[in-house]
Amino acid sequence: MIKAILIFNNHGKPRLIRFYQYFAEDMQQQIIRETFHLVSKRDDNVCNFLEGGSLIGGSDYKLIYRHYATLYFVFCVDSSESELGILDLIQVCCYFFKMLCRKKQMVFVETLDKCFENVCELDLIFHMDRVHYILQEVVMGGMVLETNMNEIVAQVEVQNRMEKSEGGLSAAPARAVSAVKNMNLPEIPRNINIGDINIKVPSLSPF
Amino acid sequence: IPQTPLNTATMIRAIRSARTQCEERGVIQRECAAIRAQFRQADNGGRSHNLAKLLYVHMLGYPAHFGQMECVRMIASPRYSEKRVGYLGAMMLLDEKQDASLLITNSIKNDLSHSNQYVQSLALCTLACMGSAEMCRDLAPEIDRLLRASNSYIKKKAALCAVHIVRKVHDLGELFAPAARSLLAEKNHGVLHGAVVLITELCERNPETLERFRKTVPDLVQIMKGLVISGYSPEHDVAGISDPFLQVRILRLLRILGRNNEAASDAMNDLLAQVATNTDSTKTVGNAVLYETVLTVLDIKSESGLRVLAVNILGRFLLNNDRNIRYIAMTSLQRIVGTDHNAVQRHRGTIVDCLKDQDASVKRRALELSLALVSATNIRSMMKELLLFLSSCPLELRAQAASGIFNAAERYAPSQRWHIDTILHVLTTAGGDVRDETVPNLIQLITNTSELHCYTVHKLYRALLSDISQQSLVQVACWCIGEYGDLLLRGECQETEPVQVTEDDVLDALETVLQSHMSAPATRGFALTATMKLSTRITDNVDRIRSIVSIYGSCIDVELQQRAVEYNALFKKYDHMRAAVLERMPVIEKNSPGHTNGESTREAVKEVQPAKVKQAETLLPQQPASQVQGDDTSYRLSQDCISNFLKRFRNPVFLRLTSFCWLF
């Protein structure tokens with residue numbers, strides 16, 4: 001079972017935190033700090049498995065991590081998970097986050113002097129909820145759910161479209177604009193006669 | 001007037017641009033106040049955004065409990081966007097212990113039979129994450145229904161949800177067993193994966209269920225064959241291997257089913273051989289499958305040929321460039337070194353090479369394995385490597401290495417001299433990291449090897465001259481010099497090149513130890529006693545000894561002072577007894593069974609202690625390297641010695657005299 005998925009940056013700031021076992025809030029933050037402490041001490045040329053650390057689940061757990069540019073991806077697992085399998089899974093997850101967040105067309109490129117983080121980290125920061133939804137298609141209840149890339153991508157897209165189609169207030173202006181753009185104004189009749197009502201349509205310049 | 005909350009991106013930017021922790025707290029507090037106000041209104045607009053912002057803030061470590069009720073409300077909303085974030089919030093902010101979680105039970109129940117599969121999936125996900133035992137019991141039949149009659153998207157989620165339910169309420173395993181069995185006929189890999197995980201869970205919990213599921217071994221073998229042999233299947237392909245994650249899961253289940261069962265193990269033998277030989281090990285995913293295969297082969301009742309193949313795969317892993325693979329290979333080898341000792345021995349060379357690996361975790365594993373592989377035949381070459389390792393190993397491993405070497409030396413020493421040399425080598429290299437009982441153990445070993453007394457004392461004297469910082473070594477050296485000083489002075493030695501040593505040289509050496517700031521108090525005690533003992537072994541410089549002893553009569557260290565005073569008394573009033581008291585120690589017997597390693601010795605001595613106390617404080621055992629009470633060098637023979645004296649001299653001063661640790 002995967003007990004927790006922790007993604008934090010080189011300074012220990014949490015970027016995505018998901019616990020599959022309940023911990024109180026202060027405990028969660030302590031676990032994040034301890035994990036960062038353990039993982040940041042490691043050289044880049046040592047193996048990606050860490051035993052030790054005392055907080056989660058006693059002795060039957062290890063940390064499996066990967067370090068990509070400015071982010072640490074750490075999976076806290078117990079002995080029922082295959083270590084090499086989890087390493088592969090981390091790679092899969094990272095790929096997904098990069099790929100799908102980019103597709104959202106909302107990549108913020110901060111000005112150069114503020115940008116110490118690479119784009120993947122920014123994706124995580126600004127789309128935390130979306131990343132959680134993606135993660136939910138890969139890992140559920142602490143267990144690996146699906147690893148077929150196409151399947152996951154398809155499911156996430158459908159759900160995002162569903163959310164968008166509901167719209168709500170924030171989407172209304174966008175919908176209005178696209179609706180207006182789709183109107184074919186020149187075809188509207190100059191006079192509309194319905195019974196007694198006579199409406200004179202003002203002349204509108206085409207968009 | 002509550003502030004209008006910022007939209008999500010703006011808030012995040014505001015938090016990130018805060019330059020201090022205090023500023024960040026300020027921004028967050030303002031935002032949370034605005035969010036709280038919004039929650040209180042029955043506002044429809046930005047609800048999902050507000051909760052999303054709250055979850056962001058929660059991740060940073062700020063309190064977000066006031067969002068719990070909002071989660072409940074959102075989950076009950078008919079809009080998908082709100083349900084989605086509501087369920088996410090519930091999973092992050094709630095757990096079964098909180099009251100609010102009870103309120104979502106109904107929503108989950110309804111959503112499980114929603115017409116929209118994505119709403120169903122949200123409910124399944126939440127139930128699998130935080131479902132309480134009651135919720136699980138309540139909803140288990142619904143999950144069972146979904147396992148049987150729904151699309152694959154829902155089935156795979158229902159399977160994992162069932163795993164959670166079984167973990168919470170063990171009895172419900174029975175309920176899911178039939179559905180799990182029939183899921184094995186599915187084609188969809190996600191569903192298969194979920195089914196295998198569920199069956200694994202059921203088998204691990206209940207031995208009877210395990211028995212029943214053994215019948216599925218042929219089906220599982222069939223599925224695996226399909227994955228291994230199947231041609232290029234782009235959907236599930238990861239670097240040329242067909243759905244490695246599913247393969248690993250199935251292999252794990254096969255392991256559980258084949259354990260301790262001949263028939264099941266036979267049924268999977270061919271398949272395992274096939275996977276082991278055909279899987280491409282040049283990619284990481286291939287190695288994950290291979291590794292799992294190896295673990296399965298080693299855990300079930302496999303043919304010996306297959307076992308050798310498995311161990312050889314592990315041996316190949318040891319040579320892999322990827323550190324992770326080397327590390328897990330070593331972990332596995334360690335597990336089987338007891339049962340498949342000969343097979344692992346074949347890879348001894350590679351394992352020993354890993355002692356030089358840069359990674360500390362790999363080194364640790366290599367050390368443990370190497371120690372396990374030491375035998376009577378390879379002791380000399382292994383010890384060379386281990387001693388080399390000791391001289392350059394990381395600090396945290398030194399104590400383990402030193403004690404491992406001692407144990408190995410004790411069990412397989414080809415000769416006494418080799419044994420003593422080895423121990424001396426360790427003391428010179430890592431004297432500060434050896435365990436406390438090393439000193440008495442070594443002394444005991446030395447006294448028992450009477451033919452090597454001369455050799456030993458010469459070696460130790462030379463070691464003492466070169467370095468007096470390693471306390472254990474210095475203590476042993478002082479003891480030997482005190483005891484065998486006459487052999488040292490005689491200047492002839494068969495085993496080693498003799499050195500011309502004068503009495504003054506020896507006394508200089510001991511005085512250096514006495515006066516050095518590097519010497520621990522216990523060490524100085526050794527040196528003083530040794531000096532005293534030499535008074536009967538040398539001829540010319542007895543006066544020098546007398547003066548040394550009398551100087552320490554006013555030493556600040558109470559222990560040393562007491563000793564010196566008593567030795568003085570031995571010179572003055574009890575000179576006629578001096579020779580007898582300081583004569584050569586008899587052969588020391590170990591009075592604890594088996595080897596000495598701390599615990600057993602201490603227990604033996606604890607029993608001896610009260611008996612000794614009864615003999616009117618005759619002898620207190622010396623504490624060698626540390627202040628640990630008791631070791632087995634407080635001996636029955638010396639007790640006899642003292643009790644003889646007591647019978648002859650019922651002198652209170654003498655009783656006082658015998659209360660010091662004069663043997664060391």
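B:E24 is buried, at 9% relative accessibility. This is a predicted model. The side chain of B:E24 meets that of A:K13 in a salt bridge, 3.5 Å from N to O. The pair crosses between chains. B:E24 sits in helix 2 (residues 21-40) of chain B, while A:K13 lies in the loop between strand 1 (2-9) and strand 2 (14-19) of chain A. A:K13 is partly exposed, with a relative accessible area of 32%.

Over all chains, the count comes to 43 salt bridges. Three of them are set out here.

| Salt bridge | N to O distance |
|---|---|
| B:E24 and A:K13 | 3.5 Å |
| A:K62 and A:E83 | 3.2 Å |
| B:E483 and B:R537 | 3.8 Å |

A:K62 and A:E83 link distant parts of the chain, 21 residues apart. A:K62 belongs to strand 4 (residues 61-68) of chain A, and A:E83 to helix 2 (residues 83-103) of chain A. A:K62 is buried at 16%. A:E83 is buried at 12%.

B:E483 and B:R537 are 54 residues apart. B:E483 has a relative accessible area of 0%. B:R537 has 13% and counts as buried.

Salt bridges also form a network, which links B:R252, B:R255, B:R259, B:E292 and B:D299.

Now for a helix. Helix 14 of chain B has 13 residues and reaches 18 Å from its first C-alpha to its last. Its buried residues are B:V217, B:L220, B:V221, B:I223, B:M224 and B:L227. They cover an arc of only 160° around the axis, so they lie on the same side of helix 14 of chain B. On the other side, B:Q222 and B:I229 are exposed. The cover over the buried residues includes helix 12 (189-205) and helix 16 (262-278) of chain B.

Conventions
Residues are numbered from 1 along each chain as its sequence is written. Chains are lettered from A and ligands numbered from 1 in the order in which they are written. This is a predicted model: local features need pLDDT of at least 70, side-chain atom pairs count only at pLDDT 80 or more; totals for chains, interfaces and linings use all residues. Side-chain values use heavy atoms; hydrogens and water are left out. Helices (H or I, at least four residues) and strands (E, at least two) are DSSP runs, numbered from the N terminus. The expected span of a helix is 1.5 Å times one less than its number of residues. Buried means under 20% relative accessible area, exposed over 50%, partly exposed in between (1.4 Å probe, protein chains only). The arc is that of the directions from the helix axis to the C-beta atoms. Contact means heavy atoms within 4.5 Å. A salt bridge is a side-chain nitrogen of Lys or Arg within 4 Å of a carboxyl oxygen of Asp or Glu.
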